[in-house]
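Please read it with the coordinates open.

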Amino acid sequence: MRLRHLSVLLVALGCALSSMSVPGASAAPGFGSSGGNPTVRVATFNASLNRPSAGALLTDLRSGVDPQARTIAQIVQINRPDILLLNEFDYYPDQAAAKLFEQNYLARSQRGAAPIDYPYMFTAPVNTGVPTGRDLNGDGRSDGPDDAYGFGAFPGQYGMVVLSKYPIDTARVRTFQNFLWKDQPGNLIPRDYYGGSADILRLSSKSHWDLPITIGRRTVHLLASHPTPPSFDGPEDRNGRRNHDEIRLSADYIAGGSRADYIYDDSGRRGGLAPGSSFVMLGDQNSDPADGGPPGPGVGAINQVLALPRVRDTLPTSRGAVADSATAGQTGHRTPSKYFTADFSKPVPGNLRVDYVLPSRDLPVTGAQVFWPAPGEPGHELLPPTTSSDHRLVWVDLRP
């Protein structure tokens, strides 16, 4: 047991020391609010806590001993974010799955790691698995996962949840699940492919959320999303085009002003962020700044956000991604391997940077890191082939 506690301590210490060298960091980071430091750690993690059938995740989480859920919870306990977005976490009404994960896994020590508590959480319906009633992929059926508003075998598959130690102003939350793709000016819908169904398509493959979070006397808008991968399609590039336009929705929302006039949320309110708002955009964006697929709008789509004057890219790094890419013999990528956040099939597309925590420039940054321990470092045993996720948790420490 003492060895396990020592392992957890060494991982946390390694996170702090590594993040001190992050470009633009003003000081060494704290360990989140639970450690008494005024910094706030904001993280995103595509946890791959999705299941192939409705109800399966609830069953696994009720057990309290699901191996993948235990590993994901241990990774969270080691990194100790104060605000956490989990992508690919199946949605269920009444926060059923989120509460089970919090109570049965996060609130219980996993292999010696200290439990962690999140008194506030938010989740909402997503487009994945919601039937359109149309044959969108031309296979003669209208009830397949590719015929839903977002690819999924059942409503809520691949959903999202936000866990927070700080209050979420639920009365001011904005969601964009129902925004129609056609209503984005200059959209890239492949109309020849979708035909008469093009006008009923929703833009967000899951949803886009604006969650105002109260940190002391300050409000920080958490802008959460998970655009579709720019792959698994054909020459029409329907997913690459959608990925581009989903990320463009976030970019236009942050830019605000006349650029966001076309945007409307699920309550009918129009426009983007108010001028001067503090924010953190985060999530698995399924977009590397330079790599990731054949030429098309889906490659580099995240640069629409990274190029915004209001956005700070803290460039989180890890030693593990460098070691893994070298071992796999991955070559030809333009994005440096130290920035990678996901371990995909080798050699194509290979490791990529697709997960982001991007604060507004008015929020001081004290550190950032990708949790990807190299071989021999504490925590490496939690990565594949251990059943966890092909993505890595990414965190940024802020001083709001």
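The points below go through the basis of the model, its cores, its charged pairs, its rings and its backbone.

1. Basis. This is a predicted model; local features need pLDDT of at least 70, side-chain atom pairs count only at pLDDT 80 or more, and totals for chains, interfaces and linings use all residues. Residues are numbered from 1 along each chain as its sequence is written, and side-chain values use heavy atoms, with hydrogens and water left out.

2. Main core. The largest nonpolar core has 33 residues. A nonpolar core here is a set of buried Ala, Val, Leu, Ile, Met, Phe, Trp, Tyr and Cys residues joined through side-chain atoms within 4.5 Å. Buried means under 20% relative accessible area, exposed over 50%, and partly exposed in between (1.4 Å probe, protein chains only). Phe45, Leu61, Leu84, Leu86, Phe89, Phe101 and Leu393 have the most contacts inside this core. At least two of its residues come from each of strand E1 (40–49), helix H2 (56–63), helix H3 (67–79), strand E2 (83–89), helix H4 (96–106) and strand E4 (160–164). Helices (H or I, at least four residues) and strands (E, at least two) are DSSP runs, numbered from the N terminus. Another core, of 32 residues, lies apart from it and includes Ile168, Leu211, Ile213 and Val394.

3. Leucine 86. Beyond four places in sequence, leucine 86 is in contact (heavy atoms within 4.5 Å) with Phe45, Ala47, Phe101, Gly159, Met160, Val161 and Leu163.

4. Helix H4. Is H4 largely enclosed or open? H4 is largely enclosed by the rest of the structure, because 8 of its 11 residues are buried. Among them are Phe101, Glu102, Asn104 and Tyr105. The cover over its buried residues includes E1, H2, H3, E2, strand E3 (120–122) and E4.

5. Salt bridges. The whole structure holds 18 salt bridges. The criterion is a side-chain nitrogen of Lys or Arg within 4 Å of a carboxyl oxygen of Asp or Glu. Arginine 41 and aspartate 397 form one at 2.7 Å, N to O. That pair links E1 to strand E11 (residues 394–398), 356 residues apart. Arginine 41 counts as buried at 3% relative accessibility, and aspartate 397 does at 0%.

6. Arginine 218 and aspartate 362 form a salt bridge, with the closest N and O atoms 2.5 Å apart. Arginine 218 is in strand E7 (residues 218–225) and aspartate 362 in the loop between strand E9 (355–359) and strand E10 (365–370), so the pair ties together parts 144 residues apart in sequence. Both ends are partly exposed: arginine 218 at 27%, aspartate 362 at 33%.

7. Other charged groups. Arginine 238 and glutamate 236 meet in a salt bridge of 2.5 Å, N to O. Arginine 238 and glutamate 236 are both buried. Shared partners join Arg51, Asp60 and Asp66 into one salt-bridge network.

8. Arginine 202. Check this side chain. Arginine 202 sits in the loop between helix H5 (191–194) and strand E6 (208–215). It is buried yet has no salt bridge. The nearest side chain of opposite charge (Lys and Arg count as positive, Asp and Glu as negative; His and the chain ends are not counted) is aspartate 266, 7.6 Å away. The side chain of arginine 202 does make polar contacts with the side chains of asparagine 127 (2.8 Å) and asparagine 178 (3.4 Å). A polar contact is a pair of N or O atoms within 3.5 Å; within protein, one must be able to donate a hydrogen and the other to accept it, and residues adjacent in sequence count only if both atoms are side-chain atoms.

9. Rings. There are 7 aromatic pairs in the whole structure. Rings of Phe, Tyr and Trp (its six-membered ring) pair if their centres lie within 6.5 Å; planes under 30 degrees apart count as stacked, over 60 as edge-to-face and the rest as tilted. Phenylalanine 179 and tyrosine 264 are tilted, because their planes are at 45 degrees, with centres 4.7 Å apart. Phe89, Phe101 and Tyr105 form one aromatic cluster.

10. Backbone. Most residues other than glycine have a negative phi, and most peptide bonds are trans. The bond from proline 384 to proline 385 is cis, with omega near 15 degrees. Tyrosine 158 has a positive phi of about 65 degrees. Phenylalanine 232 also has a positive phi, near 60 degrees, and counts as exposed at 71% relative accessibility.
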